[in-house]
Amino acid sequence: MSEVKLFINYEKLSSYVANIVEKQLKEKPNSTFILPTGTTPIGLYKELVKRKLDWSEATTYNLDEYIDNIDPEQSYLHFMMVNLFEHININSDNVHFPKKEHDTEYGFNVDLCLLGIGGNGHIAFNEPGSSFESETRIVDLTEETIKDNSRLFDNIEDVPTQAITMGMKPIMSSKRIVMMANGKHKQRILDKAMFGRLSEELPASILQLHDNMEAVYCD
Ligand code: PGA
């Protein structure tokens with residue numbers, strides 16, 4: 001049974017998810033996490049930085065990374081450094097990004113997986129049509145995703161067209177999943193993912209089958 005918690009604003013949503021992360025770290029200092037990039041988690045990362053938590057024993061796996069020749073400042077590693085890692089006491093040896101295809105070690109059975117959802121229902125870069133059994137692999141991004149991502153680049157031609165992404169299989173192996181969606185433009189797709197028919201055309205819909213998953217939403 002899917003659950004969607006509604007929040008009155010983005011700050012409250014971010015602070016609710018930060019509470020979950022804080023509790024996880026306090027109960028189990030060597031917790032493992034899957035972390036997203038994108039605009040949605042920026043408020044969460046800000047809040048986590050403010051809280052000065054002890055990340056010294058934690059391990060993180062990012063969901064995805066561009067693989068084209070891109071300006072390093074546009075990489076997701078750079079995004080994570082600027083928004084979180086440079087401000088917390090995480091051990092850099094414990095920070096991971098997907099590198100190898102079909103890596104069966106990467107990001108499996110983590111304690112807490114945090115996700116965003118794309119406008120077309122993608123999770124990480126598992127675009128519509130991705131198998132529910134998919135593993136970590138290199139993917140072509142859809143036109144819609146390239147267009148969505150172009151807001152972060154000067155020209156649409158600069159937007160990478162390929163990425164390496166964690167598959168749906170490792171994501172689903174997480175012990176707990178929290179998916180965040182911010183803004184009215186995400187409402188319809190979130191609703192469809194959480195309460196509609198399961199379909200590989202809407203990769204996030206498989207999350208309905210996870211027994212410890214919640215989505216959080218604000219307008
Ligand atoms: P956003 O992206 O957080 O920038 O909306 C989410 C996603 O595409 O997964």
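Strand 4 (residues 64-66) and strand 8 (residues 162-165) pair in the antiparallel sense over three bridges. Strands here are DSSP runs of E with at least two residues, and helices are runs of H or I with at least four, numbered from the N terminus. Two strands count as paired if DSSP finds at least two bridges between them. This is a predicted model: local features need pLDDT of at least 70, side-chain atom pairs count only at pLDDT 80 or more, and totals for chains, interfaces and linings use all residues. Residues are numbered from 1 along each chain as its sequence is written, and side-chain values use heavy atoms, with hydrogens and water left out.

Look along strand 8. Asp64 stands opposite Thr165. Tyr66 stands opposite Ala163. Strand 8 also pairs with strand 7 (residues 137-140), in the antiparallel sense over four bridges. There, Ile138 faces Ile164 of strand 8. Together these strands form an open sheet of three, in the order 4-8-7. Strand 4 and strand 7 stand at the edges with a single partner strand each, so one side of each has no neighbour in the sheet. From one strand to the next, the twist averages 30°. Such angles run from 0 to 180 degrees between N-to-C directions, using axes fitted to C-alpha atoms, for helices over the stretch in contact.

Now find Thr136, in the loop between strand 6 and strand 7. Is Thr136 buried or exposed? Thr136 is buried, with a relative accessible area of 0%. Buried means under 20%, exposed over 50%, and partly exposed in between, with a 1.4 Å probe and protein chains only. Leaving aside neighbours within four places in sequence, Thr136 has contacts that include Pro98, Tyr106, Ile164 and Pro170. Contact means heavy atoms within 4.5 Å.

What is their order? The order is 1-10-9-6-2-3-5, and the pairing is parallel. This sheet is also open. Its edges are strand 1 (4-7) and strand 5 (95-96), each pairing on one side only. Helix 6 (residues 187-195) packs on this sheet, touching strand 1, strand 9 and strand 10 (213-218). The direction of helix 6 makes about 160° with that of strand 10. Inside the sheet, strand 6 (residues 112-116) and strand 9 (residues 177-182) are parallel partners over four bridges. Strands of a sheet pair through backbone hydrogen bonds.

Next come the cores. A nonpolar core is a set of buried Ala, Val, Leu, Ile, Met, Phe, Trp, Tyr and Cys residues joined through side-chain atoms within 4.5 Å. The largest has 40 residues, and Leu48, Trp55, Phe85 and Leu114 have the most contacts inside it. Among the elements that each supply at least two residues are helix 1 (10-27), helix 2 (42-51) and strand 2 (32-35). Helix 1 gives the most, with seven residues. Beyond its neighbours within four places in sequence, Leu48 is in contact with Ala18, Val21, Leu53, Trp55 and Leu84. A second, separate core of 29 residues includes Ile123, Ala124, Ile171 and Met194.

Finally, turn to the ligand. Which residues are around the ligand? They are Gly38, Thr39, Thr40, Ile117, Gly118, His122, Arg151 and Lys186, each with a heavy atom within 4 Å. A polar side-chain atom of Thr39 lies 2.7 Å from a ligand oxygen atom. For His122, a side-chain N or O atom is 2.8 Å from an oxygen atom of the ligand. For Lys186, the corresponding distance is 2.6 Å.

Key: A polar contact is a pair of N or O atoms within 3.5 Å; within protein, one must be able to donate a hydrogen and the other to accept it, and residues adjacent in sequence count only if both atoms are side-chain atoms.
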